[in-house]
Amino acid sequence: MSPCPDKIRMLGFIIPIILTEERDDVWGEWDGGAGTITLNAKASEDLLQVTFLHEAIHAIESFLGLNINHKDVYCISQILWVMFKENPALTEWFFQNLRKEH
Ligand SMILES: [Zn+2]
């Protein structure tokens, strides 16, 4: 499996992804001031992915000035992750198609 990338592009910005074992208080964090996503490297791969989605939605919310409550951010990230996790054929089709462009 490919490792978690160290940065992503989103809405014209580069967002560094910081994997750290230094945090015990959270699985992940979007820092709007620094423009970074921090992920807890102690998390399982599944938890790392769903946490990444959660923090990415916080980043989108922040960039676009959306007003999504935290429960909804949690729900959307969980649902997206479970949809990909429980539908391997969908995931393969979806991401294989996206990879073709690069
Ligand atoms: Zn959150």
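Thr51 is buried, with 21 other C-beta atoms within 10 Å, where a residue counts as buried if 20 or more other C-beta atoms lie within 10 Å of its own, as exposed if 12 or fewer do, and as partly exposed in between, the C-beta atoms being placed from the backbone. This is a predicted model, in which local features need pLDDT of at least 70 and side-chain atom pairs count only at pLDDT 80 or more, while totals for chains, interfaces and linings use all residues. Residues are numbered from 1 along each chain as its sequence is written.

Thr51 lies in helix α1; helices (H or I, at least four residues) and strands (E, at least two) are DSSP runs, numbered from the N terminus. Leaving aside neighbours within four places in sequence, Thr51 is in contact with Trp27, Gly28, Leu39 and Ala43, a contact meaning that the C-beta atoms of two residues, placed from the backbone, lie within 7 Å. Thr51 and Asn40 are 11 residues apart in sequence, and their C-alpha atoms are 9.0 Å apart in space.

Helix α1 covers residues 45–64, and its 20 residues reach 28 Å from the first C-alpha to the last, close to the 28 Å expected when the span is taken as 1.5 Å times one less than the number of residues. Val50, Thr51, Phe52, His54, Glu55, Ala56, Ile57, His58 and Ala59 of α1 are buried, and the buried residues of this helix pack against β1 (7–10), β2 (13–20), β3 (28–31), β4 (36–40) and α2 (70–86). After α1 comes Gly65, whose phi is positive, near 65 degrees.

The largest nonpolar core has eight residues, namely Trp30, Ile37, Leu39, Phe52, Ala56, Ile57, Ala59 and Val73; such a core is a set of buried Ala, Val, Leu, Ile, Met, Phe, Trp, Tyr and Cys residues joined through C-beta atoms within 7 Å. Two or more residues of this core are given by each of β4 and α1, and the largest share, four residues, comes from α1. Ile37 touches Ile15, Ile17, Gly28, Trp30, Phe52, Glu55, Ala56 and Ala59, not counting residues up to four places away in sequence.

## Packing of α1 against α2

The axes of α1 and α2 come within 9 Å and cross at roughly 130 degrees, the axes being lines fitted to C-alpha atoms, for helices over the stretch in contact, with angles running from 0 to 180 degrees between N-to-C directions. That makes α1 oblique to α2, since angles under 35 degrees count as roughly parallel, over 145 as roughly antiparallel, 65 to 115 as roughly perpendicular and the rest as oblique. The contact is made by Gln49, Val50, Leu53, His54, Ile57, His58 and Glu61 of α1 together with Val73, Tyr74, Ile76, Ser77, Gln78, Leu80 and Trp81 of α2.

## Exposed positions

Leu11, found in the loop between β1 and β2, has a positive phi of about 50 degrees although it is not a glycine, and with 9 C-beta neighbours inside 10 Å Leu11 counts as exposed. Asp25, in the loop between β2 and β3, is exposed as well, with 6 other C-beta atoms within 10 Å.

Leu66 lies in the loop between α1 and α2 and counts as exposed, with 12 C-beta neighbours inside 10 Å. Of the 12 residues of α3, the number buried is zero, so this helix lies largely in the open.
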